[in-house]
Amino acid sequence: MSKKIQNKTNIYSFFNCIEKNFDKATRFIPIEKGLLEQIKECNSVYRMNFPVKIGKQIKVIEAYRVQHSHHKLPCKGGIRYSMKVTQDEIMTLSALMTYKCAIADVPFGGAKGGIKIDPQTMSEENIEKITRRYTSELIKKNFIGPGIDVPAPDYGTGEREMSWIFDTFLSLRPSDVDALACVTGKPVSQGGLRGRKEATGLGVFYGIRELCKMKEEMDSIGLEVGIIGKKVIIQGLGNVGYHTANFFYEAGAIIVALAEREGAIYNKNGLDVSQVILHLKNTGSILNFPKAKNIKNTESALELECDILIPAALENVIHINNANRIKAKIIGEAANGPITPEADEILEKKGIIIVPDIYLNAGGVTVSYFEWLKNLSHVRYGRMEKRFNENMNARLLQVVETICNKKISKKEKKIILRGAREIDLVRSGLEDTMINGFHKIINLKKSSNIENMRTAAFLLAINKIIDSYEKLGIFP
Ligand code: NAD
């Protein structure tokens with residue numbers, strides 16, 4: 001997989017890009033080269049072609065499932081629907097999943113799936129047919145199952161596709177009591193988890209918020225501490241981009257530009273994210289949003305003046321040809337692989353802080369882990385302890401009122417008495433994971449004198465994977 005694939009923006013194949021980042025980090029690891037090769041390579045690549053009847057014609061569909069690492073099982077990773085799907089892309093995304101799971105401390109090996117279709121131009125009926133056939137192909141080859149490999153949503157897929165996958169799996173494995181755990185990102189009504197849909201975007205927000213709390217880092221790029229008032233640009237208003245934009249907006253950031261396929265919109269005083277989404281639903285486009293300027297060339301939105309730039313669409317959008325024109329002080333990689341290695345070097349020289357994908361967009365897999373656990377335990381989070389905690393809190397308040405001889409207001413009581421609901425626990429677990437991950441990376445960066453967060457994140461992930469191999473007794 002070391003062959004270079006040349007195109008006008010990137011001289012490396014996508015998988016080469018990850019290999020480069022991996023190699024930078026392994027300078028700091030004094031172990032045998034062969035062992036590092038084992039971690040780097042993809043363990044299983046399943047490429048399939050299957051026929052599906054679309055209208056009156058039979059179409060042959062190209063699809064993939066790649067399991068990058070079996071050091072922990074099950075494997076875990078999303079499924080992408082896009083005409084740009086290739087084996088190289090899915091292998092790369094599956095490798096990123098391995099490192100991401102290690103950083104987020106979730107017990108999975110990395111995987112990824114993809115089907116080469118454009119869901120935007122297909123009927124729901126045909127997408128369902130293809131999804132169900134893809135699932136049965138995975139079952140045939142033992143590439144899906146609660147303890148084997150657990151897919152989730154990614155670019156071009158969502159709850160709807162996950163519920164078809166679950167239903168197909170259940171119909172072919174009706175006696176599997178853990179069948180619900182064969183896929184995550186399902187609708188709540190079908191074993192999904194409250195908080196999964198927005199988890200990646202919320203994780204992106206928590207990660208950047210943590211960086212913006214650090215005075216030393218903010219001083220180095222000439223920004224004030226905190227999120228309030230920071231100028232933000234987001235590319236891609238799908239699952240990840242939309243929720244990221246919303247969390248930044250609610251926290252007081254100024255969303256100066258939003259970019260979609262058809263173009264971008266800009267307002268230096270800020271865009272109201274929910275109004276933009278309403279406008280998109282009503283008109284089918286973000287363009288012509290009241291009081292905003294249209295930008296026809298959507299890529300050029302990345303080059304506008306801002307503090308924080310968040311690519312949340314696809315890979316390789318910041319490359320050798322536009323990196324020099326990027327004006328942001330922080331880039332948060334919500335998408336997977338949005339920066340090519342050549343661009344990475346240019347941005348680093350410009351002093352831009354890059355918060356890497358293998359950490360920043362791990363919120364999705366973290367909450368997928370919670371969903372998987374819920375499905376395996378067959379009980380909703382909070383069900384056992386919510387009422388008990390509320391009763392205990394009520395008793396505690398009575399004692400406080402008696403001792404202090406003071407009545408606590410009804411409003412305050414309502415806040416203090418409430419036991420944790422599923423969504424509270426999920427968000428608390430996500431916040432904890434993102435804060436811990438951030439500080440582990442920053443501390444490693446400082447203690448090992450590493451030049452950037454990406455290399456430190458890779459080093460953290462690789463060290464953890466080596467640890468698991470050692471525990472398994474595979475590595476000497
Ligand atoms: P999505 O399909 O929900 O949304 C992607 C959005 O990007 C769409 O609205 C699409 O129109 C837009 N887009 C496509 N090309 C564009 C362009 N050239 N310029 C601007 N916008 C463009 O996908 P998603 O789930 O939000 O995934 C986005 C990225 O985040 C991908 O890289 C994915 O791998 C990564 N990611 C997703 C998750 C998740 O939980 N969904 C988790 C981790 C990482």
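Which residues does D149 touch, not counting residues up to four places away in sequence? In this predicted model, D149 touches R65, Q67, P74, C75, K76, A111, F143, I144 and C182. The place of D149 is in strand β5, which spans residues 149-153, and D149 has a relative accessible area of 0%, so it is buried, the cut-off being under 20%. Two of the residues touched by D149, R65 and Q67, are also joined to D149 by polar contacts between side chains, as set out here.

| Side chain | Partner side chain | Polar contact |
|---|---|---|
| D149 | R65 | 2.6 Å |
| D149 | Q67 | 2.9 Å |

The domain assignment gives domain 1 as residues 44-190 and domain 2 as residues 199-360, and the centres of domain 1 and domain 2, taken over C-alpha atoms, are separated by 28 Å. Contact between them involves 12 residues of domain 1 and 9 residues of domain 2, while the area buried between the domains is about 960 Å², with carbon and sulfur atoms giving 53% of it. Between domain 1 and domain 2 there are 3 residue pairs in polar contact, both at pLDDT 80 or more, and the count of salt bridges is 1. Helix α3 (residues 87-104) gives the largest share of the side of domain 1 that touches domain 2, with 6 residues.

As to confidence, the protein averages a pLDDT of 94, and 97% of the residues score at least 70. Over residues 1-6, however, the pLDDT is below 50, although this stretch has 17 contacts in the model beyond near neighbours in sequence. Where pLDDT is low, the predicted coordinates should not be read in detail.

Methods. Residues are numbered from 1 along each chain as its sequence is written. Side-chain values use heavy atoms; hydrogens and water are left out. Helices (H or I, at least four residues) and strands (E, at least two) are DSSP runs, numbered from the N terminus. Buried means under 20% relative accessible area, exposed over 50%, partly exposed in between (1.4 Å probe, protein chains only). A polar contact is a pair of N or O atoms within 3.5 Å; within protein, one must be able to donate a hydrogen and the other to accept it, and residues adjacent in sequence count only if both atoms are side-chain atoms. Contact means heavy atoms within 4.5 Å. pLDDT is the predictor's confidence in each residue, from 0 to 100. Domain bounds come from an automatic or database domain assignment. Buried area is the accessible area (1.4 Å probe) that two parts lose on being put together, summed over both. A salt bridge is a side-chain nitrogen of Lys or Arg within 4 Å of a carboxyl oxygen of Asp or Glu.
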